[in-house]
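This briefing sets out the strand pairing, domain arrangement, ligand shell and selected loop residues of one structure. Please read it alongside the sequence and the coordinates.

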Amino acid sequence: MLELHDAPLAPLTTFRLGGPAARLITATTDAEVIAAVREADDSGTPLLLIGGGSNLVIGDKGFAGTALRIATRGFALDGTKLELAAGEVWTDAVARTVEAGLAGIECLAGIPGSAGATPIQNVGAYGQEVSSTITEVIAYDRRTRETVTVANAECAFSYRHSRFKADPERFVVLRVRFDLENASGLSAPIKYAETARALGVEPGDRVPLEKARETVLELRSGKGMVLDPEDHDTWSAGSFFTNPILTHEEFAVFHARVEERLGDGVLPPAYPAGDGHTKTSAAWLIDKSGFTKGYGTGPARISTKHTLALTNRGEATTEDLLALAREVVAGVHAAFGITLVNEPVTVGVSL
Ligand SMILES: Cc1cc2nc3c(=O)[nH]c(=O)nc-3n(C[C@H](O)[C@H](O)[C@H](O)COP(=O)(O)OP(=O)(O)OC[C@H]3O[C@@H](n4cnc5c(N)ncnc54)[C@H](O)[C@@H]3O)c2cc1C
């Protein structure tokens, strides 16, 4: 177990932002993780869990407590059953399942960060979400001080949300179990229209697994959604805002506002989101509010490749980033009456 004091946290985040932690512990076994959590809890010290730091916005003042970096390793495949240690690098694990001929997470290739963080916001992209393949999550429960098994049905998964995100002080994910599909080297049915188009197939078709993974990686790279230290468009947390989910009434009001602003007959993006709800596109809202790709003149700007990613151009502070985020939220609200919600977890700051 490695322990550092007054340790910079910015290098541990994909934004490369945030001040130091009073104490930084790196744990490489489940026992070390649990020991560090128990020690912090016993002494009443605030605890910050860090995986790959790809969904974290840490304040410039840093974190006055123990930051615990989870660096455990473990990839165990038994038939279609996969168990990943929380610290496994997610995109590498995806590549290994594709190599093993198993379908179910191939479209989640290229998502940065750790396996243990995937259930937190029910990671999803290109028509797949981990909630479809996770069977159970092994976690340390800080309330009961025991290791528990949380079955999929108890995870309360929804769009970019879960029980773990709703109650961040309670569970420390140690391992994640999945049940994948052996479809004789083929992918799961391709759900996302953009991926199907790029693959030259119809939605619902299956394609060779590796082809699906490669195509997703290509699409993601074109949007700055695959980490590249040389490319400031990827010094981000991916999508900075979640796609708003509206009731039918809210959507009708929004649609009227769109027509008023952009002209009769303009239909905003609308996707069924269950229970009489409609999901619209945060990227579309941002763009139509005047925040186009590359927007900004300061050290924090909108990505030149995707309106939904706020980025650090190299010299930004967290306050610069938040100022840009607040400007976007206010602009979208003024234009369309919708309040965007940030997707990354904020530490010591808020929008
Ligand atoms: C370029 C880019 C593209 C992205 N694309 C996508 C995408 O397509 N889809 C998507 O869903 N996300 C995407 N993201 C966001 C991010 O990669 C995911 O949310 C990822 O799962 C975060 O993993 P992490 O290990 O980096 O988590 P961190 O950023 O380290 O932590 C995120 C949150 O999870 C908590 N946490 C971390 N590990 C644990 C654990 N073991 N137990 C309990 N809590 C824990 C942290 O305390 C924090 O609250 C993208 C990010 C970037 C930078």
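Strands β1 and β2 (residues 20-27) run antiparallel and are joined by 6 bridges. The model is a predicted one, in which local features need pLDDT of at least 70 and side-chain atom pairs count only at pLDDT 80 or more, while totals for chains, interfaces and linings use all residues. Residues are numbered from 1 along each chain as its sequence is written. Helices (H or I, at least four residues) and strands (E, at least two) are DSSP runs, numbered from the N terminus. Two strands are said to pair if DSSP finds at least two bridges between them.

**The sheet of β1, β2, β5 and β3**

- An open sheet is formed by 4 strands in the order β1-β2-β5-β3, with mixed pairing.
- Its edge strands are β1 (2-8) and β3, each of which pairs on one side only.
- On average, and with direction ignored, neighbouring strands of this sheet are turned by 25° against each other.
- Glu3 stands opposite Ile25 in β2.
- Helix α1 lies across β2, β3 and β5 (63-70), and runs at about 165° to β5. Axes here are lines fitted to C-alpha atoms, for helices over the stretch in contact, and angles run from 0 to 180 degrees between N-to-C directions.

- Strands β6 (residues 75-78) and β7 (residues 81-85) pair in the antiparallel sense over 4 bridges, and Ala76 stands opposite Glu83 in β7.
- The hairpin of β6 and β7 has 2 residues between the strands, and in this hairpin Gly79 takes a positive phi near 65°.
- Strand β7 also pairs with β12, in the antiparallel sense and over 5 bridges.
- Lys81 has Asp179 in β12 as its bridge partner, and Leu82 has Phe178 in β12.
- Strand β10 (residues 134-141) pairs with β12 as well, in the antiparallel sense over 7 bridges; here Glu136 has Arg177 in β12 as its bridge partner.
- Of the 9 residues of β12, 7 are buried, so this strand is largely enclosed by the rest of the structure. A residue is buried if 20 or more other C-beta atoms lie within 10 Å of its own, exposed if 12 or fewer, and partly exposed in between, with C-beta atoms placed from the backbone.

**Ligand shell**

- The ligand has 34 residues around it, of which Gly51, Gly52, Gly113, Gly116 and Gly238 come nearest. A residue is near a molecule if its C-beta atom, placed from the backbone, lies within 6 Å of it.
- The elements that give two or more residues to this shell are β3 (47-50), β8 (124-125) and β12 (171-179).
- Strand β12 gives the most to the shell, with 3 residues.
- By class, the shell holds 19 nonpolar residues, 15 polar residues and no charged residues. Ala, Val, Leu, Ile, Met, Phe, Trp, Tyr, Cys and Pro count as nonpolar, Asp, Glu, Lys and Arg as charged, and the others, Gly among them, as polar.

- The protein chain is divided into domain 1 (2-70), domain 2 (75-222) and domain 3 (232-243 + 281-347), with bounds that come from an automatic or database domain assignment.
- The C-alpha centres of domain 1 and domain 2 are 24 Å apart.
- Domain 1 and domain 2 each give 12 residues to the contact, where two residues are in contact if their C-beta atoms, placed from the backbone, lie within 7 Å.
- Helix α1 (residues 30-42) gives the most to the side of domain 1 that touches domain 2, with 5 residues.
- That side of domain 1 has 5 nonpolar, 5 polar and 2 charged residues.

**Individual residues**

- Arg160 lies in the loop between β11 (146-151) and α3 (163-166); its phi is near 50°, a positive value in a residue other than glycine.
- Arg160 counts as partly exposed because it has 19 C-beta neighbours inside 10 Å.
- Ser184 lies in the loop between β12 and α4 (193-199), and has a positive phi of about 50° although it is not a glycine.
- Ser184 counts as exposed because it has 9 C-beta neighbours inside 10 Å.
- His255 is found in helix α6 (residues 248-262) and counts as partly exposed, with 18 C-beta neighbours inside 10 Å.
- His255 and Val266 are 11 residues apart along the chain, and their C-alpha atoms are separated by 8.3 Å.
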